[in-house]
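I opened my notebook to look up a few things in one protein. Here is what I wrote down as I went along.

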Amino acid sequence: MKIARAETEAARVACFAVRRAVFIEEQGIPEAEEWDAADATCTHYLAAGDGCPMGTARLIARDGEAKIGRVAVMADARGTGLGRALMLHVLEDARAAGFGTAVLESQVSVIGFYERLGFVAEGPEYDDGSGILHRLMRCPLA
């Protein structure tokens, strides 16, 4: 499995294909909710194996923090450690870029996954517009 920044148009297209499969097709999130202006300027990450895109995430510098989002792993790669490896890669990249804190908006059903990576949930559950409950989570990087 290779995890790297998606620095080419083809790699970004592969990231978007994973997000479409996981969020739009599998979870039923409306297309208008999935794509936003940040996609043009953020750092995308792609996890691929045997030439197939298997996972993705993105990082946005926001208010001095590394905001991680759109973390998605294809159904047949879940439970393999890919999601953990992807997140560790993104967190290390954020740390190397000088960020002291990472934040994300976790779907409530996967809060435990992020807690095992050092994130702590804050505040109440909320619907981010997708129809799926989320919670804000924060992780120190120092």
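**Ground rules.** I took helices (H or I, at least four residues) and strands (E, at least two) as DSSP runs, numbered from the N terminus. The model is a predicted one, where local features need pLDDT of at least 70 and side-chain atom pairs count only at pLDDT 80 or more, while totals for chains, interfaces and linings use all residues. Residues are numbered from 1 along each chain as its sequence is written, and side-chain values use heavy atoms, with hydrogens and water left out.

**Entry 1, the whole chain.** I looked up the elements and found 4 helices and 7 strands in the protein chain. Read from the N terminus, their order is β-α-α-β-β-β-α-β-α-β-β.

Next I looked up the radius of gyration, taken over C-alpha atoms; the globule rule is 2.2 Å times the number of residues to the power 0.38. For 142 residues a compact globule would come out near 14 Å, and the protein chain agrees because its value is 14 Å. I also noted that the C-alpha atoms fill a box of roughly 35 × 35 × 30 Å along the principal axes.

I call a residue buried under 20% relative accessible area, exposed over 50%, and partly exposed in between (1.4 Å probe, protein chains only). By that rule, buried residues are 42% of the 142 residues in the protein chain.

Then I checked contacts, which means heavy atoms within 4.5 Å. Of the contacts between residues at least 6 apart in sequence, 57% join residues at least 24 apart.

Most residues other than glycine have a negative phi. I went looking for exceptions and wrote down two residues.

- Asp50 is not a glycine, yet its phi is positive, about 50°. I found Asp50 in the loop between strand E2 (43-49) and strand E3 (52-62). Its relative accessible area is 82%, so Asp50 is exposed.
- Arg70 is not a glycine either, and its phi is also positive, about 50°. This residue belongs to strand E4 (residues 65-73). Arg70 counts as partly exposed because its relative accessible area is 21%.

My rule here was a side-chain nitrogen of Lys or Arg within 4 Å of a carboxyl oxygen of Asp or Glu. The structure holds 14 salt bridges, and I followed up three of them.

- Asp36 pairs with Arg70, with the closest N and O atoms 3.2 Å apart. Asp36 sits in the loop between helix H2 (31-34) and E2 while Arg70 is in strand E4, so the pair ties together parts that are 34 residues apart in sequence. Asp36 is partly exposed, at a relative accessible area of 33%.
- Asp39 pairs with Arg58, and their closest N and O atoms are 2.7 Å apart. This pair links distant parts of the chain, with Asp39 in the loop between H2 and E2 and Arg58 in strand E3, 19 residues apart. Asp39 is buried at 10% relative accessibility, and Arg58 is buried with a relative accessible area of 4%.
- Lys67 and Glu105 meet through their side chains at 3.3 Å, N to O. They link distant parts of the chain too, as Lys67 is in strand E4 and Glu105 in strand E5 (residues 101-107), 38 residues apart. Lys67 is buried, with a relative accessible area of 15%, whereas Glu105 is partly exposed at 35%.

I then asked myself: which residues are linked in a network of salt bridges? My note lists Arg19, Glu34, Asp36, Asp39, Arg58 and Arg70.

Is Arg19 buried or exposed? Arg19 is buried, because its relative accessible area is 1%. I located Arg19 in helix H1 (residues 9-26). Leaving out residues up to four places away in sequence, Arg19 touches Ile24, Glu34, Trp35, Asp39, His44, Thr56, Arg58 and Arg70.

My last stop was helix H3 (residues 82-96), where Leu91 is placed. Leu91 is buried, with a relative accessible area of 4%. What does Leu91 touch, not counting residues up to four places away in sequence? I wrote down Ile68, Ala102, Phe119 and Leu141. I also noted that the C-alpha atoms of Leu91 and Thr101, 10 residues apart along the chain, are separated by 9.4 Å.
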